[in-house]
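Hi there,

Here is the structure I promised to pass along. Have a look at it in your viewer first, and then read on.

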Amino acid sequence: MKLPALNNETVRPAEMNRRDFFKSGAAVASVTLAPGVTLMAFGGEANANADAGKRWGMLIDVNKCATDCNACVTACSTENGWKMDGNPETDAQWIRKVDLTHKQTGREASLPMMCQHCETPPCVDVCPTGASFKRADGIVLVDKHTCIGCRYCMMACPFKARSFVHEDVEDQAAHAPRGKGTVESCTLCVHRVDEGGIPACVESCSATGHGAMMFGDLNDPASDIAQALKNYASIGLRDDLRLNPGVRYTNL
Amino acid sequence: MKRFIASFLIVFLATVGGASAGSLYPEIPKAVGAAHPEGNAFMRINHMKLLRHDRDETMRLGNRDTQYSLKDCVACHAVMGPDALPISVKEEGHFCRSCHEFAAVKVDCFQCHNSKPDEGFTALLGKSPAATVEEISAYLNGVTQ
Amino acid sequence: MERTVYSEVTPTPAIWMLGVLLGAFIAAAGLSVLYIEHHGHIVTGMNNQIVWGLPHVFAIFLIVAASGALNVASIASVFGKIENKPMARYSGLLSISLLAGGLAVLVLDLGRPDRLIVAMTTYNFTSIFAWNIILYNGFFAIVGAYLFVQMARGIAPNVIRAVGTAAFVWRLALTTGTGSIFGWLVARSGYDAAIMAPLFIIMSFSFGLAFFILVLGTTFPLTNRFLGPNLIKRLGRLLGVFAVAVLYFTAVRHLTNFYAAEHGDFERFILFGDTMFTPLFWIGQVLIGGVIPAAMLLRHAEKTSKRQVLAASILIILGGIAHLYGIIIGGQAFPLEIFPAYDVTSTFADGVINNYSPTIYEWALGLGGVALAVMIAGMGVVALRILPMSLSDAKIDPTEPDF
């Protein structure tokens, strides 16, 4: 396989243009995935800008989610550099498994919960500096350059999706900067999505064979996820709040 | 007597001052790779503006094909420590720190951003002889898995 | 009509001692802030479930009291009760200093207080919090102007009235904004209520006046100036009415919430639950903060002594802090209802009642804010001609109602 920037010549990496080096990595990422992993949904070309025509979303099948499986949580923490340090009250949790028991029927279920990437996010409404924002393609993010750490978004989120960083952080992942005193949450692996990939949680879920999570462009009627949403009943959590989340659940 | 002490002090301080005048200026570690085409003076004055503009491009618009990303700066300006691994901003020889400490300008970036480049990358850079195409492509394949 | 003479207060040894004590509290708060900022919020009792804690309770209390403390001056300038005029300057100063104290606590508890400049220059106008920042800064400006026109010579009375009215309207907007910080949070059962804004307005009337009476009643004698008993009695009667009004709004809020099945669980948690919030509500907020002081102030009001009024003020302040604790912390302690039909468990405290134990750092920060407010007011009366030489009862008819 030919790496575009290297042209099959022996070139000292130090003499290459930095940009070309990273670009070549990106081009590889969009094609090469681990063998045996189904390409759940193709995001688009690498280095695509946030496209207002797209709306990224996820569909989670609660029936396929196993109670004792934590693959999505582990994958997210490895990918983005947060970890559970033994202090569940103050540790950041971008995604968590929620175990449910129906109050009347006793039905048991399990599902992963993360930022729901709402269309009208309350966290974006309440942020005093505008650090909490929604990208044109529907991904809700925290701009940590402007975040003052007031935690109002954490009060406003109906899903408790946001975490506050309570202590110094070291050795952050280069694609997921995070630091003390700011608020963070699931980024829908925006660094992967922008390069044409899929979130780490979705990838790991299909790697375990459960296949409970699906990712794709909700606005593209031909995408797998749009087809699935059209044919099967699904809900958004707290639909009564009319937030129109990008993450939907079926069989709940 | 007073005049003797005064002149002694002046000579002493001048000597000491002169000897340390060279060490007042920061020792800026050399970067890996080619120099910026814009020149060092331009970068010294404008690097923050460039970074800030590009970060909004990447953060808000999703454009990852920018010219001046912090990740690239950190990778190219990595300084190796005694164990042949890049040092973080907590240690004195770090590139950004060496200049910023001299200028007494606080660097806010590394509260959130990693001041060391990705380990695999700099291991390639530090290799001698140079990494081959196969090693680089193997690294890139590893990154995407 | 006799002229009121204002003069700077000559600091007595007692006042110096008070200053040293306040300085110690402020220093403790400063050290706490440095400690928290260095180590991160992990050293506090606040976490990902209880996001706003004791410092916010103190901050909101001070901010609410700040807008209420201006009432005394507004009654003079806006509603024409000239008997209140001698206290108007002090009322303005105290409102500024209370707001400064409250904001100091709020700002110093931010995760990134070094980014205050960002907060003051970058605004997202869909956020009521952003509007509040503008309202708070504007309050300083408007009340500053109000003080100026009161203290400068040769200003026409209708100018003072105009600025006073502007200050009154601004403070109503400010308190509405503060209440809406909670009232506009649709996600949580304990907040999501339009009544939050008027509830905060009436709380501001009550807490602000209580604070005013308390500070005036305790510090004025330190200046060796005469404070007439009827003045305090009259203010006390007004305070009693405000305390009853707070009880009324509280009752309406809880009754309405209780009626809706979707909020019923939260109301049961607060009113009839097993946690500390239930006695905090009934004993702290309703009894100590409402019923007892109202009875003290309104029953046989003509016989109420100055001491009783001061005691009632203290009770109202304590009850007010309990009230805000119940609102701010109670609303977060109750688990967020994401799946109403299910019982939930998770690693992120879903479905469980959250506990909060404030650490010494949070107490230090909160109390430091109160000390800062009193300190600023104290410095103001020493440096400027704020306090009248005498607050005698010569002009005050104790039987005449205040409104």
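This is a predicted model: local features need pLDDT of at least 70, side-chain atom pairs count only at pLDDT 80 or more; totals for chains, interfaces and linings use all residues.

**The core**

The largest nonpolar core has 194 residues. Those that touch the most other members are A:Met213, C:Val57, C:Phe61, C:Leu62 and C:Leu239. Helix 8 of chain C, residues 196–219, gives this core its largest share, 16 residues.

Which residues is it in contact with, once its neighbours within four places in sequence are left aside? They are C:Ile321, C:Leu324, C:Tyr325, C:Ile328, C:Ile329 and C:Gly366.

Two packed helices are described by the angle between their axes and the distance between the axes.

By class, the contact of helix 1 with helix 13 of chain C has 17 nonpolar and 5 polar residues, and no charged ones.

The second pair is helix 11 (residues 277–298) and helix 12 (residues 306–333) of chain C, packed at an angle of about 155 degrees with axes 8 Å apart. Helix 11 and helix 12 of chain C are therefore roughly antiparallel to each other. Their crossing is left-handed. The contact of helix 11 with helix 12 of chain C is made up of 16 nonpolar and 10 polar residues, with no charged residues.

**A glycine in a loop**

Next, please find C:Gly351, in the loop between strand 3 (342–346) and helix 13 of chain C. Is C:Gly351 buried or partly exposed? It is partly exposed, because 19 other C-beta atoms lie within 10 Å, and a buried residue needs 20 or more. Beyond its neighbours within four places in sequence, C:Gly351 is in contact with C:Pro335, C:Asp343, C:Val344 and C:Thr345. C:Gly380 is 29 residues from C:Gly351 along the chain, and the C-alpha atoms of the two are separated by 50 Å.

Chain A has 252 residues, and buried residues make up 51% of them. Its secondary structure consists of 7 helices and 9 strands. Among the contacts in chain A with a separation of 6 or more, 61% are between residues 24 or more positions apart.

Where chain A meets chain C, 44 residues of chain A are in contact with 37 residues of chain C. On the chain A side, strand 2 (95–102), helix 3 (122–126), helix 4 (152–156) and strand 6 (163–164) each supply at least two residues. Strand 2 of chain A provides the largest share, 7 residues. The side of chain A that touches chain C has 20 nonpolar, 12 polar and 12 charged residues.

Methods:
Residues are numbered from 1 along each chain as its sequence is written. Chains are lettered from A and ligands numbered from 1 in the order in which they are written. A nonpolar core is a set of buried Ala, Val, Leu, Ile, Met, Phe, Trp, Tyr and Cys residues joined through C-beta atoms within 7 Å. A residue is buried if 20 or more other C-beta atoms lie within 10 Å of its own, exposed if 12 or fewer, and partly exposed in between; C-beta atoms are placed from the backbone. Helices (H or I, at least four residues) and strands (E, at least two) are DSSP runs, numbered from the N terminus. Two residues are in contact if their C-beta atoms, placed from the backbone, lie within 7 Å. Ala, Val, Leu, Ile, Met, Phe, Trp, Tyr, Cys and Pro count as nonpolar, Asp, Glu, Lys and Arg as charged, and the others, Gly among them, as polar. Axes are lines fitted to C-alpha atoms, for helices over the stretch in contact, and angles run from 0 to 180 degrees between N-to-C directions. Angles under 35 degrees count as roughly parallel, over 145 as roughly antiparallel, 65 to 115 as roughly perpendicular and the rest as oblique. A crossing is left-handed if the near helix is turned anticlockwise from the far one by less than a right angle, and right-handed if clockwise.
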